[in-house]
Every structure is written in C-alpha cells, then in structure tokens.
Amino acid sequence: MAFGGLIALKSVTMDVAAGEIRGLIGPNGAGKSTLFNVLSGLNRPQRGRVLFQGDDLLALRPHQVASRGIARTFQAAHLFRGMTVLENVMAGLHDRARGGVLSSALSLPAMRRAEDEARVRAFEALRFIEMDHVRDRLATELSYGQQRLVEIARALVREPTLLLLDEPAAGLSVARITGVDELLRRIRNEKGITIVLVEHVIRLVMGISDQVTVLNYGEKIAEGPPERIREDRAVIEAYLGKEDAGARH
C-alpha cells in the first residue's frame, strides 16, 4: 500500500485463525492503522489480496465488507453528538434498515420493526459490556474510557465474525485496562468472535493474544506467540533502537 512515494505496507502477510485473538503491534508509523484500513475496505492496496472465509474483499466497499461480518473501531472515539448511548449503538445497524427514506418519513411498519429490532440488539450489546445503565445518557457526556466501550458495543451490535479493534485501551487507567482485557476475553469466549487488536499497551497485548504480529516501517518483522515476541531482537530494536537493544542483551 503506497501513498505517492511513501510505502505504507510492503509484502505484509498475516493469517488469522477463527476464534483467535491476534495482537498487531509496532512503533508509531509502522503501518498498523493502514493495514486495518485495508482490511476494512477504506484503503485499496496497489497489490495483494484480502481473503476472508475464502472470498477476496478488495473489490468491496466498506459497507459491503462490514456486511460480510467484519466490524471495527477507530483510534479516536467517533460518537454522534446529541445522541444517547443507546442511539449511538443503534447507529451501528444503520445500513440494515429497510424501507428507505419514504417509509422512514411515513413511519411505515417495516421501518418501525427494523428500529425496534435495532433498539433491542443495541440494549443487549450494552448489557454485554455492562453499560446498559447509561443507555439514556448523551454519549459525549461519558468519560473517555466509557466512550471507547460504547464504540465496542456499536461494533458488537452487528454480530460480527471478525472484530478489528484500534487501540481500545488508549488513554485508560491501569484499572480500566484490566477491564478491557476481561471484556475482550468474554467477546472471544462467549460470542466466538475472532479479534485482531492494534494496541500500544504492550502489557495488554502480550497478556491476551494467542499470536502477535509486529510491523515496522510497513513490513512484518516478527510473528509468533507473545513469549517469543518478547525476546525477539528485531522487535526490541524496533522499539528501543539498536544501541539500547544491544545493551539489553
């Protein structure tokens, strides 16, 4: 994936098994968010393929990728101002509403049924993340950590097969990070959702991931179980620099 003369991703391959939690780490500018944008259809690479359950996704638009069972969050919270927590989560199903503009304006039965279904599913998603008690509050009144959780609920309401989480623990306290760790385990274990996680909180990634992929300057430099990645010299150099890495060894 190149932007002008800048190579953002080069020869990156990654195979994620169903039911896996995959950590995706690397220094700033390593290409992690670009890879997420490619996976979710926001960026189309000049070469390569994105295969999901045997189908190549590169010809699809983002909403079509989402309809195949892939949901994602972003680095910064993207919540709608003036809307409640419940309404923000319901917005995750906006592309599934039936009836179009006319039926919405006339409040036809099909649209009312779709809205009722969306409300029920949004409430269930909030209950799963244990935030149903704030469903009627304005989303932007919540703390930053709570807003990050609302984004996860908005992704979960789609009942995805694959969940792409972009820095869900960014800016959170140690106690909040522990809560995110527990939530991600529940998403995988109770809902059977595969997770790919971009995160700078290395303790969280190493503690929860089955496998970890490491990018640096757009290339994959290491991949394997957390215990191997912790001791990988190329990874240590990418984060600390060659001199500090040599001193550590």
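Guide: Two strands count as paired if DSSP finds at least two bridges between them. The model here is predicted.

Visitor: What makes β7 and β8 a pair?

Guide: The cut-off is at least two bridges, and 5 bridges join β7 (residues 162–166) to β8 (residues 194–198). The two strands therefore pair, and they run parallel. Leucine 163 stands opposite isoleucine 195 in β8. The bridge partner of leucine 164 in β8 is valine 196.

Visitor: What makes β3 and β8 a pair?

Guide: There are 4 bridges between β3 and β8. At least two are needed, so β3 and β8 also pair, and their direction is parallel. Arginine 22 has valine 196 of β8 as its bridge partner.

Visitor: Which strands make up the open sheet, and in what order?

Guide: The sheet has 6 strands, in the order β6-β7-β8-β3-β9-β10, with mixed pairing. β6 (70–72) and β10 (219–224) are called edge strands because each has a single partner strand, which leaves one side of each without a neighbour in the sheet. From one strand to the next the twist averages 20°.

Visitor: Which helices lie across the sheet strands, and at what angles?

Guide: Helix α6 (residues 144–156) lies across β6 and β7, and runs at about 160° to β7. Helix α10 (residues 233–240) lies across β3 (21–25), β9 (211–216) and β10, at about 130° to β10.

Visitor: Why is β8 called largely enclosed?

Guide: A residue is buried if its relative accessible area is under 20%. In β8, 5 of the 5 residues are buried, so the strand is largely enclosed by the rest of the structure. Thr194, Val196 and Val198 point one way from β8, Ile195 and Leu197 point the other way, and all are buried. In a regular strand the side chains alternate between the two faces of the sheet.

Visitor: Why is helix α1 called largely enclosed?

Guide: Of the 8 residues of α1 (residues 32–39), 7 are buried, so the helix is largely enclosed by the rest of the structure. The buried residues are Lys32, Thr34, Leu35, Phe36, Asn37, Val38 and Leu39. Just after α1, glycine 41 takes a positive phi of about 90°.

Visitor: What lines the largest pocket?

Guide: A lining residue has an atom within 4 Å of a point of the pocket. For the largest pocket, 31 residues form the lining, and Val12, Met14, Leu39, Arg49 and Val50 lie nearest the centre. The elements giving two or more residues to this lining are α1, β4 (51–52) and β8. The largest share, 3 residues, comes from α1. The volume of the largest pocket is about 970 Å³.

Visitor: What kinds of residue make up that lining of the largest pocket?

Guide: The lining of the largest pocket divides into 20 nonpolar, 7 polar and 4 charged residues.

Visitor: Which residues lie nearest the centre of the second largest pocket?

Guide: Ala66, Arg72, Phe74, His94 and Arg158 lie nearest its centre, out of 21 lining residues. The elements that give two or more residues to this lining are α2 (62–67), β6 and α6. With 4 residues, α2 gives the most. This second largest pocket holds about 610 Å³ of space, and its lining residues divide into 10 nonpolar, 6 polar and 5 charged.

Terms used:
Residues numbered from 1 in each chain as written. Predicted model: local features only at pLDDT ≥ 70, side-chain atom pairs only at ≥ 80, totals over all residues. Heavy atoms only, no water. Axes fitted to C-alpha atoms, helices over the stretch in contact; angles between N-to-C directions. Contact = heavy atoms within 4.5 Å. Buried < 20%, exposed > 50% of the residue type's maximum accessible area, 1.4 Å probe, protein only. 1 Å grid on protein atoms, 1.4 Å probe; cavity = no way out; pocket = protein on both sides within 12 Å on 5 of 7 lines; lining within 4 Å. Points joined across faces, edges and corners; volume = space filled by probe spheres on them. Nonpolar A, V, L, I, M, F, W, Y, C, P; charged D, E, K, R; others polar.
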